[in-house]
Amino acid sequence: MNPKQFVSIIDLVLHWVTSLALINVLWFLFTLRGLVIGGVFPATTAVLGVSRKMILKGTDVNVWKTFNRVYREEYLQSNVLGWFLSGIGGLLYINYKIIANSAGEIAIITLFAFYLVLFFYSIIVLWSFPLLAHYKSTWIQHLKNAFIIGFTKVHYTFAIGLMAFTVMYFSFEYPGLVPFFSISMIATGGMWFSLQIFTKIDQDAT
């Protein structure tokens, strides 16, 4: 490797590092901009939107402009999708507490059914927002597609889940990562895996 190639690689790495840090900071700022309740889901969609563009087009992306545009364009739909999933998650948590408090009385088949529903719910959560960031459709259609893709491409689902778990594990071990890299790394990793599927779908559709 000659010095020029080495400098180019270092420049590329630094560009990605600074971009990921900026995206992460913007996630926190725009989440607060929406008073958390109204900002967390649009900010998450915006992180995925910027990550998508960087993966597809390289690092020559205006992070601020892209983030702000996606945040505004997907504000309503991302909140509807996010709070719908949060509501379902809340119901699942209530059911979990009921099961936990009735451990000796719950049949094995009921316990199995609960964890099966939880698995399907996790699939939908993992895929819904990457779909929202990539395709223009209704939030209900995103839910349907998330289930179909996540279930039929379950190895990718496990890969995304493992990647997210790994980043979160290291974030708990090294809290200094959280303000600058945790959210953006999970989003970029998840978007990279998602695009492996979305690109094939788009190619087959043409």
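This note comments on the helices, core, salt bridges, surface patch and backbone of a predicted model.

1. Basis. The model is predicted, with local features requiring pLDDT of at least 70 and side-chain atom pairs counted only at pLDDT 80 or more, while totals for chains, interfaces and linings use all residues. Residues are numbered from 1 along each chain as its sequence is written, and side-chain values use heavy atoms, with hydrogens and water left out.

2. Nonpolar core. The largest nonpolar core has 42 residues, and those with the most contacts inside it are Ile23, Phe67, Leu85, Trp127, Phe129 and Phe198. At least two residues of this core come from each of helix 1 (3–33), helix 2, helix 3 (63–73), helix 4, helix 5, helix 6 (139–152), helix 7 (154–173) and helix 8 (178–205). Helix 5 gives the most, with 9 residues. A core here is a set of buried Ala, Val, Leu, Ile, Met, Phe, Trp, Tyr and Cys residues joined through side-chain atoms within 4.5 Å. Helices (H or I, at least four residues) and strands (E, at least two) are DSSP runs, numbered from the N terminus. In soluble globular proteins, nonpolar side chains tend to be buried together.

3. Surroundings of Trp127. When residues up to four places away in sequence are not counted, Trp127 touches Ala146, Ile149, Gly150, Tyr156, Thr157, Ile160, Ser194, Ile197 and Phe198. Contact means heavy atoms within 4.5 Å.

4. Thr45 is placed in helix 2 and counts as buried because its relative accessibility is 0%. The classes are buried (under 20% relative accessible area), exposed (over 50%) and partly exposed in between, with a 1.4 Å probe and protein chains only. Apart from neighbours within four places in sequence, Thr45 contacts Val70, Glu74, Ser78, Phe129, Leu132 and Ala133. Ser51 also lies in helix 2, which spans residues 40–57, and is buried at a relative accessible area of 1%. The side chains of Ser51 and Thr188 make a polar contact at 3.0 Å. Such a contact is a pair of N or O atoms within 3.5 Å; within protein, one must be able to donate a hydrogen and the other to accept it, and residues adjacent in sequence count only if both atoms are side-chain atoms.

5. Salt-bridge network. A search of the whole structure finds 3 salt bridges, each defined as a side-chain nitrogen of Lys or Arg within 4 Å of a carboxyl oxygen of Asp or Glu. Arg69, Glu73, Glu74 and Lys136 are linked in a network of such bridges. Arg69 pairs with Glu73 at 3.2 Å, N to O; because these two are 4 residues apart in helix 3, about one helical turn separates them. Glu73 also meets Lys136 at 3.8 Å, N to O. That pair links distant parts of the chain, 63 residues apart, with Glu73 in helix 3 and Lys136 in the loop between helix 5 and helix 6. The Glu74 and Lys136 side chains meet at 2.8 Å, N to O. This pair also links distant parts of the chain, 62 residues apart, with Glu74 in the loop between helix 3 and helix 4.

6. Which class does Glu74 fall into, buried or exposed? Glu74 is buried, with a relative accessible area of 7%, whereas Lys136 is exposed at 67%. Arg69 is partly exposed at 32%, and Glu73 is partly exposed at 45%.

7. Nonpolar surface patch. Leu91, Tyr93, Ile94, Tyr96, Ile98, Leu111, Tyr115 and Leu118 form a nonpolar surface patch of about 770 Å². Helix 4 (75–101) and helix 5 (108–134) each supply at least two of its residues, and helix 4 gives the most, with 5. Leu111, in helix 5, is partly exposed at 33% relative accessibility. Patches are made of residues with over 30% relative accessible area and no salt bridge; like charges are joined within 9 Å and nonpolar side chains (Val, Leu, Ile, Met, Phe, Trp, Tyr) within 5 Å. Accessible areas come from the Shrake-Rupley method with a 1.4 Å probe; for residues, only the protein chains shown count as cover.

8. Positive phi values. Most residues other than glycine have a negative phi. Leu35 has a positive phi near 55 degrees, and Val36 has a positive phi near 65 degrees. Leu35 is exposed at 71% relative accessible area, while Val36 is partly exposed at 41%.
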